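I am opening the notebook on this chain and want to record what I looked up, going from the overall fold to single residues.

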Amino acid sequence: MKALLMQPDDLAARLGAEELAVFDCRFQLSDPEAGERAYREAHIPGAYYLHLDRDLSSPKGEHGGRHPLPDWNRFAARLSACGVRPHSTVVVYDAGEGMAARAWWLMRHIGLADVRILDGGWKRWTREKRPVTPVVPEARPGGVEVRLREGETVDVEEVRRGLREGSLVLVDARSPERYRGDVEPIDPKAGHIPGAFNHPWERGLKEDGTWRSPEEQRARFGDLAKCGKPIAVYCGSGVTACSTLFALELAGIPAKLYPGSWSDWVSYPENPVATGDEPGAWAP
């Protein structure tokens, strides 16, 4: 397994290298342009910016959730214009919002082999007083080919069938409050998909924003590693679920993404909804 994390010392030593590409993924759902404004004020030298709505997603439709997966050819072209090649080392970071893992998953999914998350992200980088700049780098020639890794996603029909037949373990990466249905700040219905277990994505991180060790991740997920069934992860719109997928990858536990997630699930009026602390039973 290739390294999944890049430590600040290692990144600082490699800045400017031809084979390195760095991407700033800061983003706020409440203010979609805040991340790019922050990037233009200061970012890691040489880093390009990836916007959740424009670069890491496709436009929203009736179904498919609030952040559908991007058009793969456009996504590859965007990375190529930033100097990314098939054998590049790509480093992504955010400010703790969970966006870097979305970029990590997408890049891995189209076939890039060496994609890493900056451990501790922007907050650790600036806390350690490392160099920053407002200078936006110029385009660099690259060449990314789309070679999708098969079998890494599930759609709404596969979720329904998997839960009905008991052949799928579903993990909800949202906060306990949203999982229980106490609150729902974004989507039209509150609760969770019946049968889903709650593993909030933030718990994969330590208080300082660095990732927990593989041993700690394996302890977190406990019974998931022994379930003997495919695991699929969802959140509100398939973004922060990627942070739980990253934690599972650190733990050595394979899992898939339900890209549409909760916002896709509730776009079908016939889909059942569960509330409370327990997963609930599947009752189509």
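I began with burial: 53% of the 284 residues of the protein chain count as buried, where buried means under 20% relative accessible area, exposed over 50% and partly exposed in between, with a 1.4 Å probe and protein chains only. The model is a predicted one, in which local features need pLDDT of at least 70 and side-chain atom pairs count only at pLDDT 80 or more, while totals for chains, interfaces and linings use all residues. I also note that residues are numbered from 1 along each chain as its sequence is written, and that side-chain values use heavy atoms, with hydrogens and water left out.

**Overall dimensions**

I looked up the secondary structure and found 10 helices and 9 strands in the protein chain; helices (H or I, at least four residues) and strands (E, at least two) are DSSP runs, numbered from the N terminus. The radius of gyration is 18 Å, close to the 19 Å of the globule rule for 284 residues, so the chain is as compact as a globular protein of that length; the radius is taken over C-alpha atoms, and the rule is 2.2 Å times the number of residues to the power 0.38. Along the principal axes, the C-alpha atoms fill a box of roughly 55 × 40 × 35 Å. I then checked the contacts (heavy atoms within 4.5 Å), and of those with a separation of 6 or more, 75% are between residues 24 or more positions apart.

I traced an open sheet of 5 strands in the order β1-β5-β4-β2-β3, with parallel pairing, two strands being paired if DSSP finds at least two bridges between them. Its edge strands are β1 (5-6) and β3 (48-49), each of which pairs on one side only. β1 is joined to β5 (residues 114-118) in the parallel sense over 2 bridges, and I found L5 bridged to I117 in β5.

The other open sheet I traced has 4 strands in the order β7-β6-β8-β9, and its pairing is parallel. β7 (197-198) and β9 (256-257) are at its edges with a single partner strand each, so one side of each has no neighbour in the sheet. Between β8 (residues 231-234) and β9, which run parallel, I noted 2 bridges, with V233 opposite L257 in β9.

**Helix α4**

How is α4 placed against the strands? The helix, residues 99-109, lies across β2 (20-24), β4 (89-93) and β5, and runs at about 175 degrees to β5; axes are lines fitted to C-alpha atoms, for helices over the stretch in contact, and angles run from 0 to 180 degrees between N-to-C directions. Because 11 of the 11 residues of α4 are buried, the helix is largely enclosed by the rest of the structure; W104, W105, R102 and R108 are among the buried residues. The cover over them includes β2, α3 (72-80), β4, β5, α9 (241-251) and β9. After α4 comes G111, with a positive phi near 110 degrees.

**Two buried arginines**

I looked up R174 in the loop between β6 (169-172) and α7 (176-180), where its relative accessibility is 2% and it counts as buried. The R174 side chain reaches the backbone oxygen of G191 at 2.6 Å, and beyond four places in sequence the contacts of R174 include Y179, E184, H192, Y234 and W262.

R66 sits in the loop between β3 and α3 and is buried at 16% relative accessible area. A polar contact of 2.8 Å joins the side chains of R66 and D187; the term covers a pair of N or O atoms within 3.5 Å, and within protein one must be able to donate a hydrogen and the other to accept it, residues adjacent in sequence counting only if both atoms are side-chain atoms. Among the other residues that R66 touches, beyond four places in sequence, are R178, I186, G236 and S263.

Most residues other than glycine have a negative phi. K129 has a positive phi of about 55 degrees; it lies in the loop between α5 (121-127) and α6 (156-165) and is exposed, at 75% relative accessible area. S261, with a positive phi near 55 degrees, is found in helix α10 (residues 261-265) and is buried at 0%.
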